Every structure is written in C-alpha cells, then in structure tokens.
Amino acid sequence: MLMERQWMYGMSLNDPEFVKGVDSFLIAAESNRVAKGDIEIFCPCSKCKNLKPFTDIKTIEWHLHRYGFVRKYTCWSEHGESLVGNSTSSHLWDDTRHLKPMEIDQVALTTLNAFHMFVVDSLDATAPQ
Ligand SMILES: [Zn+2]
C-alpha cells in the first residue's frame, strides 16, 4: 500500500486525516471527470464499489464519510490514476487516450499555456530591473 494512502483505511471516518484525504480524492476525481469530459463520477465507497455513478460530487463525499472506501482501492484507477507507475506526468497522457483529437489539442493548448505562463512569469521575476 502506498504510504500516502494509509489514511484511506483503518482510521476513524471523522478523523481529520481521513477528511483531508477524502478532499484530495474528490479533487482528483473531479479533475479527471473534467479531463475526460464525463458528466458522472463513479463512487468508490464501500457500498457502491465503483459501480454507481453520480453527477453530484457531494453525494460521493457524503458516501465516503459515511461508508469509507471500497477495499484495496489505494490506486485510484477508476479516477484517472494509472495502475503501473504513479508519476503525475503520465496521467495527462493516460487521460488523453479517452479524448477525441480536438480535445487532445485543447489539453495540449492548456498545458502549453500553463507552461508559457510559468516560464514567462519566472523570467519576469528574475529579469534585471
Ligand atoms: Zn457510494
């Protein structure tokens, strides 16, 4: 089990660590939903077991706080994580396989813009006055 996912199991469902962890899951699930252009997110709680989709992420949040996560779901494979390797950089390209060519351009453009902004901003910050 990944060290940073230990909060998912064996902890009280209202422990601050668990609450914080659920938040981080919801952010990952929501950004994966947006990246794929999906309307629904599958609920990984111990009752739905990634089989039931919901349009309202609040429902999933409520389920996770009430039921906890389904067993052995430390790699969020249904929510954009790759089972092989856990590097963040590979996620974007894993996700793009589900996208249509036009959407890939959109993703590439967004990445390029972010990169450009980052580089330009850092250049401005370090430029001699
Ligand atoms: Zn659920």
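Modeller: A crossing is left-handed if the near helix is turned anticlockwise from the far one by less than a right angle, and right-handed if clockwise. Helices (H or I, at least four residues) and strands (E, at least two) are DSSP runs, numbered from the N terminus. This is a predicted model, in which local features need pLDDT of at least 70, side-chain atom pairs count only at pLDDT 80 or more, and totals for chains, interfaces and linings use all residues. Residues are numbered from 1 along each chain as its sequence is written.

Colleague: What pattern does the protein follow along the sequence?

Modeller: The order is α-β-β-α-α-α, from four helices and two strands.

Colleague: How is the packing of α1 and α2 described?

Modeller: Helix α1 (residues 16-36) and helix α2 (residues 57-67) lie with their axes 11 Å apart, at an angle of about 145 degrees. Axes are lines fitted to C-alpha atoms, for helices over the stretch in contact, and angles run from 0 to 180 degrees between N-to-C directions. The crossing of α1 with α2 is right-handed.

Colleague: Which residues of α1 meet α2?

Modeller: Val22, Leu26 and Glu30 of α1 meet Ile57, Ile60, Glu61, Leu64 and His65 of α2, a contact being two C-beta atoms, placed from the backbone, within 7 Å.

Colleague: Over which residues does pLDDT stay under 50?

Modeller: Residues 86-94 stay under 50 on this confidence scale from 0 to 100. Where pLDDT is low, the predicted coordinates should not be read in detail. The mean for the protein is 81, with 62% of residues at 70 or more.

Key. pLDDT = per-residue confidence, 0-100.
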